[in-house]
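Here are my notes on this two-chain model, as numbered points. Have the structure open while you go through them.

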Amino acid sequence: MSKALIIAKREFLATAANKAFVVITLLGPLLILALTVLPSVVSTSGVASAGAVVAVVGGDGATRIALAAALAPAKAAVEDAADEAAARAGIASGRYAAALLLPAGWTDASTLRLLAKTGTDYALYARVEGSVAAMAREAHAAASGVDPALVKRLLSAPGIDVAVPGKEGRGPGGGLDQYLGILFTVLAFVMLMYMTVLLYGQLIGRSVIQEKSSKTVEFMLSSVSSRQLLAGKILGPGLAGLLQYAFWIGVAAAGIGLLGPVLHLQLPPTLSSGNLLALVAFFIPAYFLYSSIYAALGAGAEDEQHLTQLAWPLMICLMIPMVLLNLFLSNPNSAVSVFCSYFPLTSPIVMLIRVLVSPPAWWELAASYAILLASVWGAYVLAAKVFRIGILMTGKRRKLGEILRWAAIR
Amino acid sequence: MLEAFDVRKHYGEVRAVDGLSFAAVPGEIFGLIGPNGAGKSTTIRMAMNIISPDSGEIRINGRRLAEEDKAIVGYLPEERGLYRKAKVEDMLLYLAALKGCPAARARKGIDSWLERFGILEWKGRKIDELSKGMAQKVQFIGALVHSPRLVLFDEPFAGLDPVSQDTLLEAMLELKAGGVTILFSTHIMEHAEKVCERILLVHRGRELVSGKLAEVKARHGRNAVQIEYDGDAAFAQGLPFVESVTRYPRWLEAQLKPGSDPDELFRALAGRVKVRRFEVVAPSLHKIFTSLVGESREGADAEAAEGAIHE
């Protein structure tokens, strides 16, 4: 076995046996599940109100029929309650999600009271409100001698259903659902990329510092070359990271496959296997790029605090996609989006966002990926030079520029 | 055999190593001696091919040093460089694997060394549970487990109790008898004096003196004599060939003038005091070093160097 692989094996085990690694690995799928399932929970046509019962106090049979029709899409039912006390008791016992109080002449009231169990099920309350408003309008029209059918006709207007060509009919509903589906998938993917790339980068930087300050590195270099040491140090945790991603995607797929039908969850179409593949395909070069640079900076740093100071440009590049997320989402083809999807330090995340939102032409994808791969190689070669010099330098807190200049030393 | 030919390494303005040449031969312990900052670490790093010299050449067994040579080199660093969370056996197997030593052979070697050092029962324990002495022994095993032909010891006795020092010394002598080339780097002159046959005294990257220890001492002998006696030896101070005397009621050390023979002193003492012990004292390496540094530099520098030695 090559020496770099021996080191990688040890670093892999050291990373994977770490408590933090195990915790993050186990919690990861929860994050994915939560973020990808959330849209169906918060969306207005969602099934959050399924089985909910809305009590009506007062009003007549027609009122209840109209209300029941309005609540049917949300799978909520309507029931009669004798009086307010009974409604309150029903809410207290959990039987009713809400109770609508309709006093005599309610159509002329300026406000009506809706007693609610939680006060947070706004999708349900909005449906009740809409239905009540429609009934009041009809009643007013009838009282004024205007044909209710005419009023209905006058007030009707078409809604908007946003559809992306090629993706029609795959979403769980209208435009908002689609937007939320994309938003939450993008959020989940961006968070995962950000967290893992940053965590692994810092992990590698710290382990280099530790080895440098404990002088283990001289012991190591008496057996291997600095290039082998660097390769092993980057490769080991990288394999642990891939293992983590494989576990996450496997568990998320299994969880959605098994729990989805039971909980009536519908997956956002953005959570496709192709997009998951893109996530992994962008994670790998992003990992190697950032880890190489972190390893080089770790070699130049005196301690962890110093490393944090040196790594600020990396932090900024990692945060750009989070800060400009709205821009990338709403306008994935703007100049800034396109630039960031080619610039290697931001392209893994920004290009991934573009792929999720509005897939770019294949040649754009290919060009961006080629630039990324070339940068990974370049960063590794330069990092190896900086690493070689820095790993033996101690006793002085150097500036970033001085450390980067080591790359030029023969 | 490890040879260096006019090796130089500069870091910017700092001449860490400035034209050193030496040869460490198999079956001999070669001492690389000098105060901190003299260029020992840089020399060792070059001898292990961790860094390459700016000019000059290092050869191992007559060939130019190459990456493959790391397999036959063993290194014992001064500081503890083991992974604190690793278990003793795993750590040693890892180090052996990096030297290309098969696991089965390494296991055997590890067991016999651990047993010899009396720490076999610590095999499954973590490094950070070990005392400093034990960790140093583990590191010592790590440097030797792949049966190297050249071993570099950097301050191997630092922080060790006398018993552990003896165990390590014994193992070193055994290696030497087995024809291993040993390079021993230290700033503690007394250690070097006890162990090394051949030395290279370095100061500021340059050679101060080198050669067989006995010859170096003979060359730089300062003609001192120590005497234990009964009687009154006050007259010794006035003898023409005596430069100075440090005298106690029953002991004195006389510094003879250059060119004079200790025999003259012996004859002068005989009959006037009762001589119980008469010893021509070879100068310590420490004395040689300070006198040489004093010759080559002016006072302030020498003091600085002395300060470094006593660190």
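Is Glu197(B) buried, partly exposed or exposed? Glu197(B) is partly exposed, with a relative accessible area of 28%; on this scale buried means under 20% relative accessible area, exposed over 50%, and partly exposed in between (1.4 Å probe, protein chains only).

1. Ground rules. This is a predicted model, where local features need pLDDT of at least 70, side-chain atom pairs count only at pLDDT 80 or more, and totals for chains, interfaces and linings use all residues. Residues are numbered from 1 along each chain as its sequence is written, chains are lettered from A and ligands numbered from 1 in the order in which they are written, and side-chain values use heavy atoms, with hydrogens and water left out.

2. The Glu197(B) salt bridge. Glu197(B) pairs with Lys176(B) in a salt bridge, the closest N and O atoms being 2.6 Å apart (the term covers a side-chain nitrogen of Lys or Arg within 4 Å of a carboxyl oxygen of Asp or Glu). Lys176(B) sits in helix α5 of chain B and Glu197(B) in the loop between α6 (189-195) and β9 (198-203) of chain B, so the pair ties together parts that are 21 residues apart in sequence. Helices (H or I, at least four residues) and strands (E, at least two) are DSSP runs, numbered from the N terminus. Elsewhere in chain B, salt bridges that share partners link Asp6(B), Arg8(B), Arg15(B), Asp18(B) and Arg206(B) into one network.

3. Other salt bridges. Over all chains the structure holds 35. One of them joins Lys233(A) and Glu11(A) (2.9 Å, N to O). Lys233(A) lies in helix α9 (residues 226-263) of chain A and Glu11(A) in helix α1 (residues 3-16) of chain A, so this pair connects parts that are 222 residues apart in sequence. Lys233(A) is buried at 3% relative accessible area, and Glu11(A) also counts as buried, at 7%. In chain B, Asp69(B) and Arg63(B) meet at 3.3 Å, N to O; here Asp69(B) is buried at 5%, whereas Arg63(B) is partly exposed at 42%.

4. Domains. Bounds here come from an automatic or database domain assignment. For chain A it gives domain 1 (3-42 + 175-408) and domain 2 (53-155), with 52 Å between their C-alpha centres. For chain B it gives domain 1 (2-212) and domain 2 (222-281), and their C-alpha centres lie 43 Å apart.

5. The interface. Contact (heavy atoms within 4.5 Å) involves 22 residues of chain B and 20 residues of chain A. The two chains bury about 2,100 Å² between them, 59% of it on carbon and sulfur atoms; buried area is the accessible area (1.4 Å probe) that two parts lose on being put together, summed over both. On the chain B side, Tyr83(B), Tyr94(B) and Leu98(B) lose the most area to chain A, together 30% of what that side buries. The count of salt bridges between the chains is one, formed by the side chains of Glu218(A) and Arg45(B) (2.6 Å, N to O).

6. Chain A, Thr63(A). Thr63(A) belongs to helix α3 (residues 61-71) of chain A and counts as buried at 8% relative accessibility. Its side chain makes a polar contact with that of Asp60(A) at 2.4 Å. That term means a pair of N or O atoms within 3.5 Å; within protein, one must be able to donate a hydrogen and the other to accept it, and residues adjacent in sequence count only if both atoms are side-chain atoms. Not counting residues up to four places away in sequence, Thr63(A) touches Leu102(A), Trp106(A) and Met135(A).

7. Chain A, Tyr342(A). Look in the loop between α14 (335-340) and α15 (347-357) of chain A for Tyr342(A). Tyr342(A) is buried, with a relative accessible area of 19%. A polar contact of 3.3 Å joins its side chain to that of Glu364(A).

8. Backbone to check. Most residues other than glycine have a negative phi. Ser147(B), in the loop between α4 and β7 (150-154) of chain B, has a positive phi near 50°. Glu155(B) likewise has a positive phi, of about 45°, and is buried at 4% relative accessibility.
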